[in-house]
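Work through the exercises below with the sequence and the coordinates open. Each task is followed by a solution in steps.

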Amino acid sequence: MSQTVRGVIARSLKSPVELVDIIVPDPGPGEAVVKVQACGVCHTDLHYREGGINNEFPFLLGHEAAGIVESVGEGVTEVAPGDFVILNWRAVCGQCRSCRRGRPQYCFNTHNATQKMTLIDGTELSPALGIGAFADKTLVAAGQCTKVDHAAPAPVAGLLGCGVMAGIGAAINTGGVGRGDSIAVIGCGGVGAAAIAGSRLAGAAKIIAIDIDDRKLATAREFGATHTINSRGLGQDEVVEAIQAVTDGFGADVVVDAVGRPETYKQAFYGRDLAGTVVLVGVPTPDLTLELPLIDVFGRGGSLKSSWYGDCLPSRDFPMLIDLFLQGRFPLDRFVTETIGIEDIEDAFDKMHSGDVLRSVVVL
C-alpha cells in the first residue's frame, strides 16, 4: 500500500518552495523506500527551483541524504530493511560499456526508481537527481542506497551524497592529488572546502585556497589550506602570479575550479604547472562559453578534466570516508553549519546565497 508523507516541492519556476502531502508507493522490483533522517540543502536544489536543470515541474527537492531502509521490492539484495544508508544519485547499472570495462564510476546508464511519487491529486513529481529527499520518506532505486556504519550521525553522513563527495573526489579521484603534490582550489564553498579537506587527507604539501570572501578563506584554513589568496579585484594574471609565488614560480600540480565560470577556468588553466591537471567540478550554466588559444592547450600539456560526482564509486568511497570520520581522521562533521526543520528550506536558500553557511541540513 502507498503512504502519505510530507515533502517539499518547487511547483513552478522560481516560486517559493511548498510543504505538501505526497504519495509514496510501495517499492516495486529493484526499488526501496527509505525513511529520511537528514538531508543537506544543496545548490543543485536551488538550480532545480530556478529552472537551471530542466522544466519538469513540480520537483520534489532534496538529494543529499541519509536514512533507514524501510522496505524493499522484489529482487533487491544490496540492502535490507533496517540498514542505515546514504543515498546517491548514480546507481550503476553493471552492464553498460563503462561498467563492463571495469569503470563503474563512469556508468553511462545510471538509473532511478521506475514508479513515481505524486501529489494527492495524482500529479507526478520529478525527484531532484532521482531522489527527492526533502520528505519524510522517499522511493529510490535500491542501487541508490549505500549501506554505511550506523554509528555516523545522519546529518553528517548524508553530506557524502553530493557536495562533500564531489569536492573530495575532484581532488583525489579526478585530480589524482597525492603525497607531496601542490593543489590550488578556486572557490571555497562546500565543494571547494571538501576538495581542500580531501587534499589534506591525501598528503598534499601545498594547498592553496582562492576565493573572494575572507570568511570562506578562514574556513579553508581550518580544513587544511596552507595558503590563501583573496582574488577579489584581481585579474587573471594576478591570480596566476599569486599561485606561482607559492609554488616556486611553476604553478600548482592540480587546480580545481569549484566555481565553473570562464574566468575561473582560465585562472585554473594558466595557474597549473606544465603538464599539470585542471579539474572542473563547479557546474557552469548552459549559456557560458570558453575561448582558449589552441596552441596553449597543446603547449601546456597535461590534462583538462571534468569531475562527475567526484568520479566516486559510492559502494567504495562512502563506507571508507565514514570509517575515516569515525576514526577522527576526516572532519566531515565540520561541514554542517546548522540543522534546521523541513519548513526552513526557503530561509536556507537565502543563507546559501549570502555565503553564511557551508551546509544547512534538514533533520526529519
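**Exercise 1. Cover of a helix**

How many of the 10 residues of helix α8 (residues 262–271) are buried?

Solution. The model is a predicted one. Step 1: apply the cut-off for buried, which is under 20% relative accessible area. Step 2: count along the helix; eight of the 10 residues of α8 are buried, and the helix is mostly covered. Step 3: list the residues, which are Pro262, Thr264, Tyr265, Gln267, Ala268, Phe269, Tyr270 and Gly271. Step 4: look for what covers these residues; among the elements are β11 (182–186), α7 (236–246), β14 (252–257), β15, α9 (294–300) and β16. Step 5: inspect the ring of phenylalanine 269; arginine 272 lies over its face, at 4.7 Å from the ring centre.

**Exercise 2. An arginine in a loop**

Is arginine 359 buried or exposed, and which side chain does it meet in a polar contact of 2.7 Å?

Solution. Step 1: locate arginine 359 in the loop between α11 (345–354) and β18 (360–363). Step 2: its relative accessibility is 9%, so arginine 359 counts as buried. Step 3: set aside neighbours within four places in sequence; arginine 359 is in contact with Val41, Cys42, Glu64, Leu159, Gly163, Phe335, Val336, Thr337 and Glu338. Step 4: the polar contact of 2.7 Å is with the side chain of glutamate 64. Step 5: compare chain position with space; arginine 359 and valine 164 are 195 residues apart along the chain, while their C-alpha atoms are separated by 9.8 Å.

**Exercise 3. Cysteines**

How many disulfides does a search of the whole structure find?

Solution. Step 1: the search finds zero disulfides. Step 2: for cysteine 107, the nearest cysteine sulfur belongs to cysteine 93 and is 3.6 Å away; a disulfide needs the two sulfur atoms within 2.5 Å. Step 3: cysteine 107 counts as buried because its relative accessibility is 3%. Step 4: for cysteine 145, the closest cysteine sulfur is in cysteine 39, and at 13 Å the separation is too far for a bond. Step 5: cysteine 145 is buried as well, with a relative accessible area of 7%.

**Exercise 4. An aromatic pair**

What is the geometry of the pair formed by tyrosine 106 and tryptophan 308?

Solution. Step 1: the structure holds six aromatic pairs. Step 2: the ring centres of tyrosine 106 and tryptophan 308 are 6.3 Å apart and the planes lie at 85°, so the pair is edge-to-face. Step 4: tyrosine 106 is partly exposed at 27%, and tryptophan 308 is partly exposed at 45%.

**Exercise 5. Backbone exceptions**

Where do the cis peptide bond at proline 58 and the positive phi of alanine 275 fall?

Solution. Step 1: recall that most residues other than glycine have a negative phi, and most peptide bonds are trans. Step 2: the bond from phenylalanine 57 to proline 58 is cis, with omega near -5°, and proline 58 is in the loop between α1 (43–49) and β4 (59–60). Step 3: alanine 275 has a phi near 65° and is placed in strand β15. Step 4: alanine 275 counts as exposed, because its relative accessibility is 58%.

Definitions and conventions: Residues are numbered from 1 along each chain as its sequence is written. This is a predicted model: local features need pLDDT of at least 70, side-chain atom pairs count only at pLDDT 80 or more; totals for chains, interfaces and linings use all residues. Side-chain values use heavy atoms; hydrogens and water are left out. Buried means under 20% relative accessible area, exposed over 50%, partly exposed in between (1.4 Å probe, protein chains only). Helices (H or I, at least four residues) and strands (E, at least two) are DSSP runs, numbered from the N terminus. Contact means heavy atoms within 4.5 Å. A polar contact is a pair of N or O atoms within 3.5 Å; within protein, one must be able to donate a hydrogen and the other to accept it, and residues adjacent in sequence count only if both atoms are side-chain atoms. Rings of Phe, Tyr and Trp (its six-membered ring) pair if their centres lie within 6.5 Å; planes under 30 degrees apart count as stacked, over 60 as edge-to-face and the rest as tilted. A charge sits over a ring if NZ of Lys or CZ of Arg is within 6 Å of the ring centre and within 35 degrees of the ring normal.
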